[in-house]
Amino acid sequence: MEDLTSHPNTVHGRSYAVPEPSDEALLGQFADGDGAAARVLTERLGPRSYSVALRMLGNQAEAEDVTQEAMMRLWKMAPKWVPGQAQLSTWLYRVTLNLCVDLRRKKRPDALENVAEPADGAASVVDQMQDAARKDALQAALEQLPDRQRQAVVLRHIEELPNPEIAGIMDISVEAVESLTARGKRSLTAILAGRRDELGYEHG
Amino acid sequence: MADQDNQLDQLFAQAREARDVFPDDLAVRIETDAEAVRLARSAKTPRRTWRQRIDAIGGWSGLGGLVAASAAGVWIGFSAPTFLPDPVEYFVSQEATYLMADLNLDENYLEDAE
């Protein structure tokens, strides 16, 4: 990933770092009609929204759609943004998580109907699940957590956000974040330990 | 239990390594949206936000000065200092000196005009 935080320039043989504009400043530039600012914001914020959406949904196409929609809302609200009210990334994480929850609620009623029956000779559903789980055991375990625990664990341990920022994103206290992440980690450990046999790993 | 915690920490570390993978076509889709929003906005008549209007008169301090000056003007208008002529009294007295009768209009004034 390209380092966007420093762009050394050279003048008279000396190099110096030009401070990069903040996310808020870039959003203001975009609201004033600067298209280049949108490109930098996409590079900075797009991957963060996408990473969270991918972990929350476990599906690349859905995560892409959610990220595109979250960024679309960012572009539309740009002129209304009040500087200093919150971090832009906090706003984007919150929108992304809400979109993920909405999408999962919509999907849930027919989720079981969409599971395809295996054709003769093809890998069984259990085999397919084992393959998918082996590819990403963490994702398989995350999908068994309740939404709020999963959100807290993903933001804390994958996005590496500080607890106060997670509290802001989830609109809960820092203590509640600590509780959710602790319970989430315990559940993940238990799920992973319990599934080792099912997944066909050898003991050792 | 410690082994299981280590395993979980390793899985988190692997997930962090993968988080910066961002599909190129998704970036293109997002930037296309941004451009569409930008063009649609620039096609409309630019509307100034309250913040821009306040900035145009010098920010909050400018607005404060404007309000203070306006209030002082209103106050002086109704309660003029003794060394200034009272505008209210001036206009009232002027009106009193001009009566309709002074215009000396009669029924034939239109004919006279012709």
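1. Two residues are in contact when their C-beta atoms, placed from the backbone, lie within 7 Å. With that in hand: of the contacts in chain A with a separation of 6 or more, 59% come from residues 24 or more positions apart.

2. A quick word on ground rules: this is a predicted model, where local features need pLDDT of at least 70, side-chain atom pairs count only at pLDDT 80 or more, and totals for chains, interfaces and linings use all residues. Residues are numbered from 1 along each chain as its sequence is written, while chains are lettered from A and ligands numbered from 1 in the order in which they are written.

3. Reading from the N terminus, the order is β-β-α-α-α-α-α-α-α-α-α.

4. Have a look at helix 2 (residues 35-57) and helix 7 (residues 147-158) of chain A, which pack with their axes 10 Å apart. Ser51(A), Val52(A), Arg55(A) and Met56(A) on helix 2 meet Arg150(A), Val154(A) and Ile158(A) on helix 7. By class, that contact has 4 nonpolar, 1 polar and 2 charged residues (Ala, Val, Leu, Ile, Met, Phe, Trp, Tyr, Cys and Pro count as nonpolar, Asp, Glu, Lys and Arg as charged, and the others, Gly among them, as polar).

5. Now for the partner chain: the contact takes 29 residues from chain A and 24 residues from chain B. Helix 2 of chain A gives the most to chain A's side, with 8 residues. That side divides into 15 nonpolar, 9 polar and 5 charged residues.

Note on methods:
Axes fitted to C-alpha atoms, helices over the stretch in contact; angles between N-to-C directions. Helix = DSSP H or I, 4+ residues; strand = E, 2+ residues; numbered from the N terminus.
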